Amino acid sequence: MRVQHDMREPFTAETHETPDNETSPEQRRSPSLLDETNKAIIRELQKNGRKPYGAIGKVVGLSEAAVRGRVQRLVETGIIQIVAVTDPVQLGYRRQAMIGVNTSGDLDALADQLRATDGIDYIVAAAGRFDMLLEVFTADDDDLLDLVMRIRRIPGVDHTEVFTYLRLIEQRYDYGVR
């Protein structure tokens with residue numbers, strides 16, 4: 001089905017309908033639903049998340065209002081987030097680590113408990129040597145030890161292995177838009 005879209009509509013001209021005529025969360029997040037203009041907007045925001053919409057509009061050939069509407073829709077659908085990225089060391093987090101976790105229990109139940117654990121910033125279900133990977137930031141080694149011990153006390157955690165970061169060499173958020 002082909003539909004006419006106005007400038008505020010950030011997706012392609014083809015719609016993907018579900019029975020209730022709403023797009024599913026998977027469809028809203030699918031890279032195939034992004035048009036070239038939205039991809040260009042995302043690339044501009046990846047270079048500078050504070051770039052004015054008018055300046056982005058000049059690059060992509062839209063008005064400031066049209067860019068604002070597209071960005072709002074990209075945020076609402078969960079395709080992008082606009083956040084301030086901090087330097088953990090300058091905020092007092094002197095120890096950073098990745099923790100590999102193995103479990104014999106339910107992965108989702110463990111993830112829920114880990115979400116509620118202060119100090120864990122990143123939780124990933126993984127394939128390979130570990131069932132989950134956790135990225136943590138703590139003030140010092142004592143705080144890291146305390147966090148590791150709290151994780152080890154969670155029912156279902158069978159094994160942990162800590163990979164202490166000695167130096168962050170590079171952290172990027174500009175992976176390509178397909």
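1. The largest pocket holds about 1,500 Å³ of space. Keep in mind that this is a predicted model, with local features needing pLDDT of at least 70 and side-chain atom pairs pLDDT 80 or more, while totals for chains, interfaces and linings use all residues. Numbering runs from 1 along each chain as its sequence is written, and side-chain values use heavy atoms, without hydrogens and water.

2. Who lines the largest pocket? There are 37 lining residues (an atom within 4 Å of a grid point), and Gln81, Val83, Val85, Tyr173 and Tyr175 sit closest to the centre. Helix 2, strand 2 (120-125) and strand 3 (132-138) each give two or more residues to this lining; helix 2 has the largest share, with four.

3. By class, the pocket lining has 20 nonpolar, 11 polar and six charged residues. Gly counts as polar here, and Tyr as nonpolar.

4. Helix 2 (residues 36-47) also meets helix 4: their axes come within 11 Å and cross at roughly 85°, so the two are roughly perpendicular (65 to 115 degrees). Thr37, Asn38, Ile41, Ile42 and Leu45 of helix 2 touch Val67, Arg70, Val71 and Leu74 of helix 4 (heavy atoms within 4.5 Å). That contact has six nonpolar, two polar and one charged residue.

5. Helix 3 (residues 53-60) packs on helix 4 (residues 64-76) at about 100°, axes 8 Å apart, which makes this pair roughly perpendicular too. Tyr53, Gly54, Ile56, Gly57 and Val60 meet Glu64, Val67, Arg68 and Val71, giving five nonpolar, two polar and two charged residues.

Note on methods: Axes fitted to C-alpha atoms, helices over the stretch in contact; angles between N-to-C directions. Parallel < 35°, antiparallel > 145°, perpendicular 65-115°, else oblique. 1 Å grid on protein atoms, 1.4 Å probe; cavity = no way out; pocket = protein on both sides within 12 Å on 5 of 7 lines; lining within 4 Å. Points joined across faces, edges and corners; volume = space filled by probe spheres on them.
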